[in-house]
Amino acid sequence: MKFKTKLTLEFSIYVGCILAVFSLLVYYFSANNREIRHYSRLRNRAMTTVKMFSKDIPGITPTIVNTIRKNDFSILSKERVDIFDSHNKNVYSSNDDSFKITNQFIDNIRKSGEIKFKYSGREGVGYCYNSKSDNLVIVLSAYDKFGYERLVFLRNLLMIMFAAIMLFTIILSRIYANSTIAPLLNLVNQIKRISGFNLNPRINNPKRGAEEMAIIATEFNQMLDRLETSFEMQKNFVSNASHEFRTPLSKMISKLEVSLMNPDIEPETKELLSSLLIDIWNINKLTNGLLFIAQANLDPSQLPINIIRTDELILQIVSDLLKANKDYEVNLEFKVFPEDENKLLISVNEQLIYIAIYNIVENACKYSGDHKAQVEINVTDKVIVILISDAGIGIPEKEIERVFETFYRAGNVNKIAGHGIGLALSRKIIHLHQGKFLLESKLNTGTMVTITLPISS
């Protein structure tokens, strides 16, 4: 989930919870207030009615009470009145429902003085009226139609307002999230301009109101300064050291080769010089490998690019490899040769792509018992696929990924010479040219490398 969406969702949930609690409290206290007010009205009507029926006001009969009630516009909905004398005899009753009033209920009213009760959606009060001439009990109940209608209206209003406010909150929270995330998105967009090939760009400090982002930008710029310095030192060291080593090594190789051509040299000395020449060749090869690794880490846009034919490149690699190693054998096969020879063209740095493919073919021959390698070339409309395979010792499954680490060699290579640079360097070069590199290997069965390069457009 995106941070912007998460921020909007969380903010809306928090507001929704607060609003829901507020609405529930409003509804609860409104319902409680309705009940209190209704009971208060019931008590007042009960007191008024029982006083009017008592002997304190002479001449009032049940007929007169009924007449008064029929003309009373303040009478409550479904109002029922029952009046009992001192012997619990019902002396007046509107008797409009089936609610039964027992003697025990009347006695409880006399004992408590006043009782509140509910039944069938109605609220009621029982009130004991004592005077010099009377000892009456009145039971009055009614349905609070107006109060419940107000509660329903309040409930519906709260629900509508909740939905409207939540919609408004979501819109506002989205706007708020956008404004909050804007400095961060700006920071991310600036970071995207920075790559391992180009550490020069720096993050601009945001405008006022985003002090935290300014701190992040400052710290990030300082980190880039340290990385740029470190990368530059590393790149310069590898490149300069490789260049500095190549010249004296080439001179040493030339001198040793000249010395070995001397017919008068003693056998022991010749053997020693030959061994020394092999060691220097290995050092020279390692130095060249380090130089090529440094070049493979460059920005592709900084590399000189040539358009070359793939078939000519492979033929040159095979020819050079066989000249340097007389016991190697390479079977070259074109699976699909295009009618349009332009389909064989690729845009690459010729020196680097040569090294990449040469290393793979050389490894295929080196790690095969018969020193044979198979090279197949397939050409499609958009890419050229080069398959290099052998029937050699293979690579243990758990070490297949590790062989791409610089200087790492699989545990089963035994005494076969090597530096652990070839595979790592080749894959870097292929990726540098927007190609694909796939390694498949099975222990004691063989290895196959698939290189896919885009055709020059």
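## Exercises on rings, strands and surface

Arg34 lies over the face of Tyr148, 4.2 Å from the ring centre. This is a predicted model, in which local features need pLDDT of at least 70 and side-chain atom pairs count only at pLDDT 80 or more, while totals for chains, interfaces and linings use all residues. Residues are numbered from 1 along each chain as its sequence is written, and side-chain values use heavy atoms, with hydrogens and water left out.

**Exercise 1.** Determine which ring lies under the charged end of Lys78, and at what distance from its centre.

*Solution.* Begin with the criterion: a charge sits over a ring if NZ of Lys or CZ of Arg is within 6 Å of the ring centre and within 35 degrees of the ring normal. The charged end of Lys78 is placed over the ring of Tyr143, 5.3 Å from the centre of that ring.

**Exercise 2.** Describe the aromatic pair of Tyr354 and Tyr358 by its geometry, its place in the chain and its burial.

*Solution.* Rings of Phe, Tyr and Trp (its six-membered ring) pair if their centres lie within 6.5 Å, and planes under 30 degrees apart count as stacked, over 60 as edge-to-face and the rest as tilted. The structure holds six aromatic pairs. In the pair of Tyr354 and Tyr358 the centres are 5.7 Å apart with 20° between the planes, and the pair is stacked. Next, the two residues are about one helical turn apart because they stand four residues from each other in helix H8 (residues 350-366), where helices (H or I, at least four residues) and strands (E, at least two) are DSSP runs numbered from the N terminus. Finally, both Tyr354 and Tyr358 are buried, on a scale where buried means under 20% relative accessible area, exposed over 50%, and partly exposed in between (1.4 Å probe, protein chains only).

**Exercise 3.** Work out how strands E1 and E2 pair, and which residue of their hairpin has a positive phi.

*Solution.* Two strands pair if DSSP finds at least two bridges between them. Strand E1 (residues 77-84) and strand E2 (residues 90-93) are joined in the antiparallel sense by three bridges, and Asp82 has Ser93 in E2 as its bridge partner. The hairpin has five residues between the strands, and Asn88 takes a positive phi near 60°.

**Exercise 4.** Locate Phe168 and Ser40, and classify the exposure of Phe168 and of Ser40.

*Solution.* Phe168 belongs to helix H4 (residues 145-192), and its relative accessible area of 51% makes Phe168 exposed. Ser40 belongs to helix H1 (residues 3-53), and at 36% relative accessibility Ser40 is partly exposed.
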